[in-house]
There are 2 protein chains.
Amino acid sequence: MAPLKLHGVPFSTCTARVRACLEEKNVEYEICPVDLGTGAHKRPDFISKNPFGQIPVLEDGDITLFESRAINNYIAHKYKNQGTDLLQHGNLDDFAKVLVGCEVESQQFNPTMGPIFFNIFIAPLRGWAPDQKTIDENVVKVGTVLDVYEKRLSSSKYLAGDCYTLADLNHLPYIAYIMKTPHADLINSRPHVKAWWEAVSSRPASVKVSQGLTLGSSH
Amino acid sequence: MAPLKLHGVPFSTCTARVRACLEEKNVEYEICPVDLGTGAHKRPDFISKNPFGQIPVLEDGDITLFESRAINNYIAHKYKNQGTDLLQHGNLDDFAKVLVGCEVESQQFNPTMGPIFFNIFIAPLRGWAPDQKTIDENVVKVGTVLDVYEKRLSSSKYLAGDCYTLADLNHLPYIAYIMKTPHADLINSRPHVKAWWEAVSSRPASVKVSQGLTLGSSH
């Protein structure tokens, strides 16, 4: 079977989110680099794959997907009996916890951690000064989300229970980047979150993918 | 079997999103009202159900879920052979389209339509003046999302193909509210989006749920 094609770049957080899933599921894939510098993601051939002009895009034969979390859901469903069980399909209660954990990442963590990442790692690439007020406000907001995680992780090893799932995995890229900044304290100051992050980030798939997260390596 | 318990209020967009799903799946449920005015959602008994102190919460026997999109995924999976087939599980390509459509709603539509809704319908309840700059900026942004929808809907009746799915349903509450404002033009000015909305909003489940969306009825 032809390997899946992942259009993206290794330093992109959303590309890394999908790579981490593919690695956990032992799915063969090839990275098809997208030259963001010349705007390749805004040209018609790419827009025909993702009308929003964003990476990553996954091609699985005739099936084309975009949005990293949708792609990860697809991979986790299609290969549910292969590699790490990222959905806990077998038990309705466990599956419910994975669904909730994934949505908390998407709706609570991502909107508050995203602007911090953007201002520290992306704004400088565009010649913009980081917006310190936005960073400061979101450090407080993501802190309240991590306070909920701290309590949750005092009673289970991972966010959806005692197994590593998509609810944990989807957090990988942003935290891997943030750990290279003084805001690493958001994680390190919370003992259960810190232990969780050590378990998440030390997985072979996480180590491999994190090596590609090279933006702002001077930070 | 005891009906599911939905903690929330009918005028809430996120409660309505879940109600629409329960109605489409013909699942028996009861609404357990949460008195937002007295801060019932911030008290310990509610926080024990959702640590973020937000409605809705669904209780299905011993299983407790929060985050409306997670709840809808759970309902659509658990009752996949009952009511409207909101996930298109039977075909991998169709299922992939539903996953992508749901994430587009979550990551592209919601972050741009949310602030418009908030400033028009929620800010006044808190005695705040609507932030017109935020409204104007997001009208432009959501317009670019709806331009993508317009093109998509020129080749299929619904966002994930020719069947009504969760990818459509999750849009219901925000658009139902926005249609009561001058920003209805965002929908009405795009012929395929307008036809899609007429199909979505005229479904019996949509009509029933929309009757509860009574915020700002003077607008």
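How many salt bridges does the rule find across the interface of domain 1 of chain A and domain 2 of chain A? The rule, which asks for a side-chain nitrogen of Lys or Arg within 4 Å of a carboxyl oxygen of Asp or Glu, finds three. The structure is a predicted model, in which local features need pLDDT of at least 70 and side-chain atom pairs count only at pLDDT 80 or more, while totals for chains, interfaces and linings use all residues. Residues are numbered from 1 along each chain as its sequence is written, chains are lettered from A and ligands numbered from 1 in the order in which they are written, and side-chain values use heavy atoms, with hydrogens and water left out.

Chain A is divided into domain 1 (4-79) and domain 2 (92-210), with bounds that come from an automatic or database domain assignment. The C-alpha centres of domain 1 of chain A and domain 2 of chain A are 21 Å apart. To the contact (heavy atoms within 4.5 Å), domain 1 of chain A gives 13 residues and domain 2 of chain A gives 16 residues. About 1,400 Å² is buried between domain 1 of chain A and domain 2 of chain A, with 60% of it on carbon and sulfur atoms. Buried area here is the accessible area (1.4 Å probe) that two parts lose on being put together, summed over both. Within domain 1 of chain A, the residues that lose the most area to domain 2 of chain A are Thr13(A), Glu24(A) and Arg69(A), which together make up 40% of what that side buries.

Glu24(A) also forms a salt bridge with Arg203(A), in which the closest N and O atoms are 2.8 Å apart. Between domain 1 of chain A and domain 2 of chain A, seven residue pairs are in polar contact (both at pLDDT 80 or more). A polar contact is a pair of N or O atoms within 3.5 Å; within protein, one must be able to donate a hydrogen and the other to accept it, and residues adjacent in sequence count only if both atoms are side-chain atoms. On the side of domain 1 of chain A that touches domain 2 of chain A, the elements giving two or more residues are helix H1 (13-24) and helix H3 (68-78) of chain A. Helices (H or I, at least four residues) and strands (E, at least two) are DSSP runs, numbered from the N terminus. H1(A) provides the largest share of that side of domain 1 of chain A, eight residues. By class, the residues on this side of domain 1 of chain A are five nonpolar, three polar and five charged. Ala, Val, Leu, Ile, Met, Phe, Trp, Tyr, Cys and Pro count as nonpolar, Asp, Glu, Lys and Arg as charged, and the others, Gly among them, as polar.

The contact of chain B and chain A takes 27 residues from chain B and 27 residues from chain A. The area buried between chain B and chain A is about 2,700 Å², and carbon and sulfur atoms give 72% of this area. Across the interface of chain B and chain A the rule finds zero salt bridges, whereas eight residue pairs are in polar contact (both at pLDDT 80 or more). At least two residues of the side of chain B that touches chain A are supplied by each of strand S4 (63-66), helix H3 (68-78), H4 and H5 of chain B. H4(B) gives the largest share of this side of chain B, 12 residues. The side of chain B that touches chain A has 15 nonpolar, seven polar and five charged residues.

Asn73(B) is placed in helix H3 of chain B. Asn73(B) counts as buried (under 20% relative accessible area, with exposed over 50% and partly exposed in between; 1.4 Å probe, protein chains only), because its relative accessible area is 16%. Leaving aside residues up to four places away in sequence, Asn73(B) touches Leu99(A), Leu87(B) and Leu166(B).

Some backbone features lie in loops. The peptide bond from Ile55(A) to Pro56(A) is cis, with omega near 0°, and Pro56(A) lies in the loop between helix H2 (44-47) and strand S3 (57-60) of chain A. In chain B, the peptide bond from Ile55(B) to Pro56(B) is cis, with omega near 0°. Glu67(A), although not a glycine, has a positive phi of about 70°; Glu67(A) is in the loop between strand S4 (63-66) and H3 of chain A and is buried, with a relative accessible area of 9%. Glu67(B) likewise has a positive phi of about 70°, and is buried with a relative accessible area of 11%.
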